[in-house]
Amino acid sequence: MLQVKNIHFGYDKILVLEDLSFSLNPGRNLAIIGESGSGKSTLLKLLYGEYDLPQGEIFWKEQQILGPKYNLVIGYDFMKYVTQEFDLMPFITVEENIGKYLSRFYPEEKQQRTHELIKVVELEAFAKTKVKNLSGGQKQRVALARALAKQPEILLLDEPFSHIDNFKKQSLRRSVFKYLKEKNIACIVATHDKNDVLGFADKMLVLHHKTIIAQDTPQNLYNNPKLPLIASFFDEFNSIDGEIYYAHQLKIVEESDLKGVVKSSYFNGESWLLEVEHDSKSVFVEHHSEIVPKSCVYFSFNN
Ligand SMILES: Nc1ncnc2c1ncn2[C@@H]1O[C@H](COP(=O)(O)OP(=O)(O)OP(=O)(O)O)[C@@H](O)[C@H]1O
């Protein structure tokens, strides 16, 4: 189990994280969310042992995670960290990059394992391509596969699908997260993308103002967001009389006490998002069709 106990950390005396505590069991998937600059990457680096902790402790099972003051080489064999920089070897091929840390004394096993990982990240067509000739998204997939090569017990991922195009993203997420579950590899994913979380994370942790402001399953946080910051991660929302309503929880009706004027309609695939001016504020309502600007409409709550 990963145990993070009352950790504090700052750069140059400016506190970035204050008194964080949480835990994660083997094989579980934890998503870390928070606005830009809230400390997600810093937290991953601390979990990896990249910095010394001025206060608090981190353990993976019995092993305490310590920083450079105690370790000549940063990191531990049971943990891998995929940063936003990838850190690959450009002049060798995809399969050579992935196989680099696998034992060459078992060539057949090495080849089999490399092939298995290339399949997980859906890069079969590029196995023999030099990394320098790959796109950013393809490099990101090689970095993921390489982190998995030696089968870590825990994987830290910083925005793991940020460079991958939308055509590939969803199938790649399914493939990678399914693989991690099958192999019982715990993973911690720092992300801005709700699609990395919904459907995959067992638990979500929300960072804000240096601390954890919420810690729960994605389902519970989605259904009961409590704070605008949490709702905004998932969807367009409105605060009405102190309550949070997603746009799909409001509907256009023939008549109601809530009246407004349509400012804009935005097509979003399955439906349209209407921006309605009500009480000099914008209210977002999901609707099956477009409504011309300046139309007067009534809206109410979906039951
Ligand atoms: N090496 C560093 N030296 C000094 N300050 C830093 C350093 N790295 C990050 N910071 C600061 O620490 C804070 C947290 O940064 P961090 O990169 O952890 O946030 P983040 O949530 O990962 O952001 P993003 O979502 O934009 O990647 C920011 O205010 C940032 O400016």
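How far apart do the end C-alpha atoms of residues 2-234 lie? In this predicted model, the answer is 27 Å.

**View 1. The annotated stretch, residues 2-234.** An unreviewed UniProt entry gives this span the annotation "domain: ABC transporter". Looking at its make-up, you'll find 31% helix and 26% strand.

**View 2. Two domains in the protein chain.** Taken over C-alpha atoms, the centres of domain 1 and domain 2 sit 39 Å from each other.

**View 3. The shell around the ligand.** Which helix gives the largest share of the shell? That's helix α1, residues 40-48, with three residues.

**View 4. Ala147 and its surroundings.** Ala147 belongs to helix α4, which runs over residues 136-148. Is Ala147 buried or exposed? Ala147 has 22 other C-beta atoms within 10 Å, and 20 or more is the mark for buried, so Ala147 counts as buried. Setting aside neighbours within four places in sequence, Ala147 is in contact with Lys80, Val82, Pro152 and Leu155. Look for Met79 too: Met79 and Ala147 are 68 residues apart in sequence, yet 8.9 Å apart in space, C-alpha to C-alpha.

Note on methods
Residues are numbered from 1 along each chain as its sequence is written. This is a predicted model: local features need pLDDT of at least 70, side-chain atom pairs count only at pLDDT 80 or more; totals for chains, interfaces and linings use all residues. Helices (H or I, at least four residues) and strands (E, at least two) are DSSP runs, numbered from the N terminus. A residue is buried if 20 or more other C-beta atoms lie within 10 Å of its own, exposed if 12 or fewer, and partly exposed in between; C-beta atoms are placed from the backbone. Two residues are in contact if their C-beta atoms, placed from the backbone, lie within 7 Å. UniProt positions are given in the numbering used here, feature names are shortened, and annotations may be inferred rather than shown by experiment. A residue is near a molecule or strand if its C-beta atom, placed from the backbone, lies within 6 Å of it. Domain bounds come from an automatic or database domain assignment.
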